[in-house]
Amino acid sequence: MKQRFYVTTPIYYVNDSPHIGHAYTTIAADILSRYNRLQGKEVFFLTGTDEHGQKVEKAAAEKKRTPKEHADIMVDNFRNLWKRLNISNDAFIRTTDDAHIKSVQGLLQMLWDRGEIEKREYSGWYCTPDERFWTEKDIVEGNCPDCGRPVDRIHEENYFFLMSKYQERLIKYIEENPAYILPDTRRNEVLGFLRNNTLGDLCISRPKNRLSWGIPLPFDENFVTYVWFDALVNYFSATRYLVPHPENAKLGDFWWPANHHLVGKDILTTHAVYWSTMLMALNLPLPKNIFAHGWWTVHGKKMSKSLGNMVDPNAMVEKYGVDALRYFLFREVPFGLDGDFSEQALINRINTDLANDLGNLVSRFIAMAEKYFGGAIDIERIDAGASREFEEQCAYAHMNVHRKEYWSHLQFSLMLENIWAIIGEANNYIARKEPWKLAKENTDQLKIVMFNIWNALRITALSLYPFMPDTAGKIWIQLGLKSLVDEAKQYSPEIFEWDWKPSYEIKVSKAEHLFPRIEIKDKNKDRG
Ligand code: ME8
């Protein structure tokens with residue numbers, strides 16, 4: 001049976017407009033999915049939208065729509081963006097899906113029957129916009145510690161998930177499974193928090209008279225489910241009805257547990273603490289990994305509607321292309337750390353790494369191959385001589401691109417650095433070998449050199465595919481190969497080796513330059 005790989009993104013609030021932060025997590029999941037598919041695994045890549053709660057209810061009322069009508073309109077902002085960014089998700093979950101609602105209710109009933117949920121009198125400070133309770137010591141001068149807006153004092157009865165009793169078990173689990181929460185800094189933060197604080201129980205309901213847009217508790221119609229309980233369950237509920245062959249899910253052949261839950265650092269606690277303890281109470285296995293990546297800011301500031309500084313991925317794609325944006329986000333900042341987004345930095349990456357290093361290499365190589373041999377590459381050439389050094393350097397960088405620790409720890413920027421090491425080697429090799437001289441002096445040697453560059457570009461295209469699928473596919477075709485995805489699947493794993501050769505003749509062909517340079521007008525010049 002094929003190995004399985006299940007990766008998730010957070011389900012984004014349907015009411016918000018997606019920005020580069022949302023694009024970031026989703027592209028990361030896409031990179032992992034594409035890579036694992038190419039390695040021959042059966043992949044389930046899940047993303048979706050979080051559609052219940054007060055904010056959706058309020059926004060819908062303002063627009064004179066029902067919450068569901070509002071969600072049905074807003075969800076397309078996400079769906080369309082994912083298409084535009086070349087996201088290869090296998091499913092899109094909405095928390096308003098009937099099957100998800102039934103799943104949430106089924107799990108709640110199970111927890112209720114097992115005595116894991118209790119009804120209690122409750123009073124606390126409530127931040128309405130954030131839909132979050134705070135304790136006396138959390139609030140800052142009568143305001144929400146998170147968003148700074150005023151909080152309200154609320155007394156009511158509510159249902160609580162008895163989370164506190166799992167504190168020790170969770171600490172032990174995280175200690176014994178070093179890869180459960182990554183990166184390590186985040187793991188240490190969660191452990192520090194759990195060791196130094198007493199975990200409370202989790203309020204998992206809202207009275208219907210205060211909030212009606214939610215999933216009714218199966219054991220008390222007067223309450224709806226707290227958004228986070230509803231939302232977190234998506235990762236499991238999807239494995240019951242959205243996976244390939246859902247009929248197997250019914251037979252107990254589950255996709256669960258996920259290999260990676262990718263989240264931003266803002267929602268690490270809800271995943272590492274709430275979700276983990278919910279799963280423990282349900283007797284379900286925990287995901288293999290929760291990876292909390294860093295935060296994109298703009299000029300050092302948090303992106304927000306009120307500051308008007310949200311970077312719209314659609315606009316970036318329009319101006320610079322999908323692959324340039326995908327590349328930039330994962331090359332510029334190691335996954336896990338925070339980064340500051342600037343268009344200037346994006347342009348610099350396009351002009352240096354993409355136009356100069358990669359684009360020029362491809363077009364120079366194709367032009368030379370056409371000039372010297374009418375585009376034909378002699379793939380039977382084997383170099384026994386000095387240029388094995390080139391092969392060895394490429395092979396070393398290529399091995400790094402595929403390093404297991406990089407992939408298990410999501411070190412995307414290191415993989416890209418190694419791909420660029422191959423590109424750099426190929427550029428140096430051309431400078432060293434001077435094919436234009438060989439063309440006059442030694443065409444046998446020239447054939448070997450051309451084959452080696454061709455092969456380095458073939459390996460580059462394969463390695464680039466998860467990050468820049470469109471560009472990788474274009475290079476593949478220019479190299480005279482047939483179809484990157486089909487051939488990679490058909491000839492995996494040998495195709496990833498330096499020595500792999502196609503079984504047909506190769507003729508390269510010119511196409512448009514992959515990444516034209518972006519010229520920036522010098523503002524000072526305009527001023528005269
Ligand atoms: O929290 N930098 O949804 P959400 C990097 N519905 N990533 C960012 C970012 C930024 N500036 N801003 C947002 C929710 N993100 C819940 C999730 S999951 C069961 C429920 C990304 O729409 C990042 O992945 O606020 C973050 O965790 C997520 O968007 C929050 O999305």
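# Close-up views of a predicted model

**View 1. The residues nearest the ligand.** Around the ligand stand 23 residues, and Ile11, Thr25, Asp50, Gly264 and Asp266 come nearest. The model shown here is predicted. By class, the shell holds twelve nonpolar, nine polar and two charged residues.

View 2. Start with Ile11: one of its polar backbone atoms is 2.8 Å from a nitrogen atom of the ligand. Move on to Tyr13, where a backbone N or O atom lies 2.9 Å from a ligand oxygen atom. Then find Trp296, with a polar backbone atom 2.9 Å from a nitrogen atom of the ligand. How much of the ligand does the protein bury? Taken alone, the ligand exposes 670 Å², and the protein buries 95% of that. The largest share, four residues, comes from β1.

**View 3. The parallel sheet.** This open sheet has six strands, paired in parallel. Their order is β3-β2-β1-β12-β13-β7. Which strands form the edges? They are β3 (91-94) and β7 (181-182), and each pairs on one side only. Strand β2 (residues 42-50) runs parallel to β3, and four bridges join the two. One place to look is Leu46, whose bridge partner in β3 is Ala91.

View 4. The strands β2 and β3, joined by four bridges, run parallel. Helix α3 (residues 67-84) packs on this sheet and touches β1, β2 and β3. The direction of α3 makes about 155° with that of β3. Helix α10 (residues 268-281) also packs on the sheet. The strands touched by α10 are β7, β12 (260-264) and β13 (290-293). The direction of α10 makes about 160° with that of β13.

**View 5. The antiparallel sheet.** A four-stranded open sheet has the order β5-β4-β6-β8, with antiparallel pairing. Why is one side of β5 and of β8 (202-203) left without a neighbour in the sheet? Both stand at the edges with a single partner strand each, so one side of each has no neighbour there. In a regular strand, side chains alternate between the two faces of the sheet.

**View 6. Strand β4 beside β6.** Strands β4 (residues 117-127) and β6 (residues 152-161) run antiparallel, joined by ten bridges. Follow the pairs along them. Ile117 stands opposite Phe161 in β6. Lys119 has Tyr159 of β6 as its bridge partner. Gly124 stands opposite Ile154 in β6.

View 7. The hairpin of β4 and β5 has four residues between the strands. Within this hairpin, Glu131 takes a positive phi near 55°. Now turn to β8, which is joined to β6 by two bridges and runs antiparallel to that strand. Phe160 stands opposite Cys203 in β8.

**View 8. Two crossing helices.** Two packed helices are described by the angle between their axes and the distance between the axes. Here the axes of helix α11 (residues 313-320) and helix α12 (residues 322-332) come within 7 Å. They cross at roughly 115°. Which residues meet? From α11 come Pro313, Met316, Val317 and Tyr320, and these meet Val322, Ala324 and Leu325 in α12. The residues of this contact divide into seven nonpolar, no polar and no charged.

View 9. Where are the cis peptide bonds shown here? One runs from Leu182 to Pro183, with omega near -10°. Pro183 sits in the loop between β7 and α6 (184-196). Another cis bond runs from Ser492 to Pro493, with omega near 5°. Pro493 sits in the loop between α20 (484-490) and β18 (506-507). Finally, look at Asn86, in the loop between α3 and β3. Its phi is near 65°, a positive value in a residue other than glycine.

Terms used
Residues are numbered from 1 along each chain as its sequence is written. This is a predicted model: local features need pLDDT of at least 70, side-chain atom pairs count only at pLDDT 80 or more; totals for chains, interfaces and linings use all residues. Side-chain values use heavy atoms; hydrogens and water are left out. A residue is near a molecule or strand if one of its heavy atoms lies within 4 Å of it. A polar contact is a pair of N or O atoms within 3.5 Å; within protein, one must be able to donate a hydrogen and the other to accept it, and residues adjacent in sequence count only if both atoms are side-chain atoms. Accessible areas come from the Shrake-Rupley method with a 1.4 Å probe; for residues, only the protein chains shown count as cover. Ala, Val, Leu, Ile, Met, Phe, Trp, Tyr, Cys and Pro count as nonpolar, Asp, Glu, Lys and Arg as charged, and the others, Gly among them, as polar. Two strands pair if DSSP finds at least two bridges between them. Axes are lines fitted to C-alpha atoms, for helices over the stretch in contact, and angles run from 0 to 180 degrees between N-to-C directions. Contact means heavy atoms within 4.5 Å.
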